[in-house]
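Visitor: I have a model open and would like to learn to read it feature by feature. Where do we begin?

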Amino acid sequence: MRIGELSERTETPRRLLRYYEEQGLIVSRRLPNGYRDYDEYNVDRVLQIRGLLDAGLPTRIIKQILPCLDKPRTIYFPDATPEMLATLERERDRMTRRIDCLTRNRDAISEYLDIVRQGLQPDVA
């Protein structure tokens, strides 16, 4: 698929897809006319990358852990240094804190919406 279709299917700007490619996060082939051609696999890969970026991981770490996220879930990480493992543990813990915060905020908004909606219900007598 060409970059425009990948962009549409992942809701990711083309410029960002080119950046992912420059960073080695995704790979394309070049067609004879010079256009990029992406495999179907890249749809899930881009969504995975976006999720990791949204979680706050930098692209340098994403590049290192992407091979571990492939299917089947065979984890092969021969060059994992103690520093890398410590970095991943810090990132995981930071994500957990962020998830907890987002969960609290979501629950507070839900509670607020429930209260507001109850106030808008007509009295049935």
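Visitor: With which side chain does the side chain of T12 make a polar contact of 3.1 Å?

Guide: Bear in mind that this is a predicted model. The partner is the side chain of T10. T12 also has a polar contact with R50, side chain to side chain, at 2.8 Å.

Visitor: Where does T12 lie?

Guide: T12 sits in the loop between α1 (3-10) and α2 (14-22).

Visitor: Is T12 buried or exposed?

Guide: Buried means under 20% relative accessible area. T12 is at 1%, so T12 counts as buried. Leaving out residues up to four places away in sequence, T12 touches S7, L17, Y20, V46 and R50.

Visitor: Now the core. Which residues of the largest nonpolar core touch the most other members?

Guide: That core has 17 residues. L6, L17, Y20, I26, I49 and I62 touch the most other members. At least two core residues come from each of α1, α2, α3 (41-54) and α4 (59-65). The largest share, four residues, is supplied by α3.

Visitor: What does I62 touch?

Guide: Beyond residues up to four places away in sequence, I62 touches L25, I49, L52, L53 and L57.

Visitor: Next, charges. How many salt bridges does the structure hold?

Guide: Eight. Start with E21 and R36, whose closest N and O atoms are 2.9 Å apart. This pair links distant parts of the chain. E21 is in helix α2, R36 in strand β2 (residues 36-37), and they are 15 residues apart.

Visitor: Which residues are linked in a network of salt bridges?

Guide: E5, R9 and E40 form that network.

Visitor: Which residue meets E91 in a salt bridge?

Guide: First the general idea. An α-helix has 3.6 residues a turn, so residues three or four places apart point the same way. Now the case here. The side chains of E91 and R94 meet in a salt bridge at 2.9 Å, N to O. E91 and R94 are separated by about one helical turn because they are three residues apart in helix α5 (residues 82-120).

Visitor: With which residue does D107 form a salt bridge?

Guide: With R106; the closest N and O atoms are 2.9 Å apart. D107 is at 39% relative accessibility and therefore counts as partly exposed.

Visitor: Let us look at α5 as a whole. How many residues does α5 have, and what does α5 reach from first C-alpha to last?

Guide: To judge a helix, compare its span with the expected one. α5 has 39 residues and reaches 57 Å, close to the 57 Å expected at 1.5 Å a residue.

Visitor: Which residues of α5 are buried?

Guide: M84, T87 and E91 are buried in α5. The cover over the buried residues of α5 includes α4.

Visitor: Last, aromatics. How many aromatic pairs are there?

Guide: One aromatic pair. For ring pairs, read the centre distance, then the angle between planes. The rings of Y19 and Y20 have centres 6.5 Å apart and planes at 55°, so the pair is tilted. Planes over 60 degrees apart would count as edge-to-face.

Visitor: Are Y19 and Y20 buried or exposed?

Guide: Y19 is partly exposed at 33% relative accessible area. Y20 counts as buried at 1% relative accessibility. Y20 is also among the residues that T12 touches.

Terms used. Residues are numbered from 1 along each chain as its sequence is written. This is a predicted model: local features need pLDDT of at least 70, side-chain atom pairs count only at pLDDT 80 or more; totals for chains, interfaces and linings use all residues. Side-chain values use heavy atoms; hydrogens and water are left out. Buried means under 20% relative accessible area, exposed over 50%, partly exposed in between (1.4 Å probe, protein chains only). A polar contact is a pair of N or O atoms within 3.5 Å; within protein, one must be able to donate a hydrogen and the other to accept it, and residues adjacent in sequence count only if both atoms are side-chain atoms. Contact means heavy atoms within 4.5 Å. A nonpolar core is a set of buried Ala, Val, Leu, Ile, Met, Phe, Trp, Tyr and Cys residues joined through side-chain atoms within 4.5 Å. A salt bridge is a side-chain nitrogen of Lys or Arg within 4 Å of a carboxyl oxygen of Asp or Glu. Rings of Phe, Tyr and Trp (its six-membered ring) pair if their centres lie within 6.5 Å; planes under 30 degrees apart count as stacked, over 60 as edge-to-face and the rest as tilted. The expected span of a helix is 1.5 Å times one less than its number of residues.
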